[in-house]
Amino acid sequence: MPLTRITSVTGKAVPVLGADMDTDRIIPARFLKCVTFDELAGTMFYDERFNADGSSKGHPIDQACHAGAAIILGGENFGCGSSREHAPQAIKRSGIRAVVAESFAEIFFGNSTGIGLPCVCASRADLAAAATLTQAEPDTLWTVDLERMQLRCDRASYPLSMPAEPREALMQGRWDAVVELMNAPEAVERLAASLPRPHLS
Amino acid sequence: MGKTLYRKVWDAHTVGTLPDGRTQLFIATMYLHEVTSPQAFSMLRELGLRVLHPERLFATPDHIIPTDDQHEPFADPRAVAMLEALRANCRANNIRLFDLPGGQQGIVHMVMPELGITQPGMTIVCGDSHTATHGAMGAVAMGIGTTQVRDVLATQTLAMSPLKVRNVRVEGRLRPGVTAKDVALHIIGRLGAKGGLGYAYEFGGSAIESMDMDGRLTLCNLAIEGAARCGYINPDETTFAYLKGRPYAPKGAEWDAAVERWKSFASDPDAEYDDVVIIPAEEIEPTVTWGISPDMNIGIGGCIPSPEDARDAETQKAYRTALEYMKLRPGQPIAGLPVDVVFIGSCTNGHISDFRAVAPLLRGRRVAPGIRALAVPGSQMTARQCEEEGIADIFRAAGFEWRLPGCSMCLAMNADKLEGDQICASTSNRNFKGRQGSPTGRTLLMSPLMAAAAALTGRVTDPRTLFEL
């Protein structure tokens, strides 16, 4: 199954800063009442963006100047909390193609990589600078470059970091692991046969 | 140099190395519930793949189950669709489902240890971050996403990179009125909600070794709230005594061999850790959260902190956001804060031991006027035990709503929700904004003892004073 090689993402950015952006804030639990991911577009950060009566809180995502943004600029421990893949699914299905943050919660990071949504880290100072720049000039086009590990626009460039394996997986188009996981069935069966499993006795 | 349990279990389950450098890790068992599995089965069908090892999969519905009336069909059609999808997927793929009729349903992280399915030395995953719970039995257990659930359905393996291991030791004796929940909150407060990024937490030390299994499950359950994807405790006599005689535990000669095998997974005395943290047990007070992240917590004798006290600008900002959301002022003592709702339950504190600890304290007392108090046993087995031991009746007589098993007001995917900006004294695991079902609802995480004290007084109360512990 050939997958897209994800080497860079270019587009406008939207700042969603602040530490510990948990998955309940990314997608409140009431939106998890579904048996598919199809209805998740537009639900990302719902209660951060809208009041109970549906009126806008004026969140950056809903500011006209950030419309169509492809890159989220986030804070520390982005995606902490629940393992719900609904969180990166909602982000991806809302048009976001990369998240740059100070750090990521492990499960969120893995879930995102697995659906081809790169999560890359930048320093707090660089994220603040990028956010300031993008707030001043929202039409700035940014590139998340996985080859050179840079976040850059025509006026600035910041170094990015990411563990080697997921970076390779994204760049080689191997981010959906199931293909590789099916390559060694005999080895899997040997191990399965050697390991006990719980059973009624 | 010796090896940690984490490393031993990892090595025992390694199939090989994938082209991108990650490990192909065999999964001893995967647990399924209705929220994060239907999409995985759909993906599997789209790829034309089959479930490879159904005998290593176990399922139960928990998140969307109503806890007041479980007669079907449920009032919520979306809940019905999710439950029916789980049933259909389990039936079609020959997967063991602990369903509502059958007496073994409950929160997945309660049911699997209770049935003896969770065993030492296993790799365990579930599409649920609180899978860390199962590490209490000496397993390497972690939450995964739905695409990864599909990977395990199809291959019984996952692509993963190993975590570092931090040894978190709590040494000495816990003071009276201090529970596993307080220990967990204290550790998270100390190391931070993001302190465990990249780590598995091995919990040890005399205070943890002397905990019963339910306490250990509570502690490991909360590892993820400190960002550690998995937390575990080395298997010992407490573990083996807990497992013995449970329906899925080995029996007879198989039992003796299993115990020997399980013992071999415990970390070696000279195991090498990436980090070691030692916490004196006597420093830990009954602990309660005041903010919107589990590390925003203080001892019951403390006051709401001021943003100026925070260690850096980012934390100051987080404190301001939290204070604004919680409508609290710096310097205000946490004790005495009025609450509206009390929730005792969840995969964190819905165990039989939790209800046994609270029941004698409620005897002859009444929930304070105007307080809504919910008690929700985590599983049907626990619910039955509570009835048999008279615990349920004590809760009822005290004015608690005694509910049917499920995740309930921990994340409010059923009808159990906060309203408006109500404050909930909750034994659950997350105090995130909106977590308990109202976008402006406020959560104070605490132990069952402190929650019981809050129910009786209507305020955040030191359980040691009220109950003379």
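Two strands are taken to pair if DSSP finds at least two bridges between them. In this predicted model, β2(B) and β8(B) run antiparallel and are joined by four bridges.

## The three-stranded sheet of chain B

The strands β2(B) and β8(B) belong to an open sheet of three strands, whose order is β1-β2-β8 in chain B and whose pairing is antiparallel. At its edges stand β1 (14–17) and β8 (157–160) of chain B, each of which pairs on one side only. From one strand to the next the twist averages 25 degrees. On this sheet packs a helix of the other chain, α8(A), which touches β1, β2 and β8 of chain B. The direction of α8(A) makes about 155 degrees with that of β1(B).

The pairing of β1(B) with strand β2 (residues 23–26) of chain B is antiparallel and extends over three bridges. B:Gly16 has B:Gln24 of β2(B) as its bridge partner, and B:Gln24 in turn has B:Ala159 of β8(B) as a bridge partner. Within β8(B), the residues B:Thr157 and B:Ala159 point one way, whereas B:Leu158 and B:Met160 point the other way. All four of these residues of β8(B) are buried.

Chain A contains eight helices and eight strands. Its C-alpha trace spans about 65 × 45 × 30 Å along the principal axes. Of the 201 residues in chain A, 48% are buried. Among contacts in chain A with a separation of 6 or more, 72% are between residues 24 or more positions apart.

Four strands of chain A form an open sheet in the order β1-β6-β7-β8, with antiparallel pairing. The edge positions are taken by β1 (8–11) and β8 (157–159) of chain A; each has a single partner strand, so one side of each is left without a neighbour in the sheet. The twist in this sheet averages 10 degrees from one strand to the next. Four bridges connect β1(A) with strand β6 (residues 142–145) of chain A in the antiparallel sense, and A:Ser8 has A:Asp145 of β6(A) as its bridge partner.

| Strand pair | Sense | Bridges |
|---|---|---|
| β1(B) and β2(B) | antiparallel | three bridges |
| β2(B) and β8(B) | antiparallel | four bridges |
| β1(A) and β6(A) | antiparallel | four bridges |

## Buried residues and the nonpolar core

A:Ala130 lies in helix α5 (residues 124–136) of chain A. A:Ala130 counts as buried because 23 other C-beta atoms lie within 10 Å. Leaving aside residues up to four places away in sequence, A:Ala130 touches A:Ala13, A:Leu73, A:Leu151 and A:Tyr158.

In soluble globular proteins, nonpolar side chains tend to be buried together. The largest nonpolar core in this model has 220 residues, and those with the most contacts inside it are A:Ile71, A:Val100, B:Val339 and B:Val342. Helix α16 (residues 448–457) of chain B gives the most to this core, eight residues. The core also draws at least three residues from each of domain 1 (5–264) and domain 2 (287–466) of chain B. With residues up to four places away in sequence again left out, A:Val100 touches A:Ile71, A:Leu73, A:Gly74, A:Val120, A:Ala122, A:Leu127, A:Val144, A:Leu151 and A:Leu160.

## Contacts between chains and between domains

Between the chains, 55 residues of chain A are in contact with 68 residues of chain B. On the side of chain A that touches chain B, at least two residues come from each of α1 (23–26), α4 (106–114), α6 (164–171), α7 (178–181) and α8 (185–194). The most come from α4(A), which gives five residues. By class, this side of chain A has 26 nonpolar, 13 polar and 16 charged residues.

Chain B is itself divided into domain 1 (5–264) and domain 2 (287–466).

Methods:
Residues are numbered from 1 along each chain as its sequence is written. Chains are lettered from A and ligands numbered from 1 in the order in which they are written. This is a predicted model: local features need pLDDT of at least 70, side-chain atom pairs count only at pLDDT 80 or more; totals for chains, interfaces and linings use all residues. Domain bounds come from an automatic or database domain assignment. A nonpolar core is a set of buried Ala, Val, Leu, Ile, Met, Phe, Trp, Tyr and Cys residues joined through C-beta atoms within 7 Å. A residue is buried if 20 or more other C-beta atoms lie within 10 Å of its own, exposed if 12 or fewer, and partly exposed in between; C-beta atoms are placed from the backbone. Two residues are in contact if their C-beta atoms, placed from the backbone, lie within 7 Å. Ala, Val, Leu, Ile, Met, Phe, Trp, Tyr, Cys and Pro count as nonpolar, Asp, Glu, Lys and Arg as charged, and the others, Gly among them, as polar. Axes are lines fitted to C-alpha atoms, for helices over the stretch in contact, and angles run from 0 to 180 degrees between N-to-C directions.
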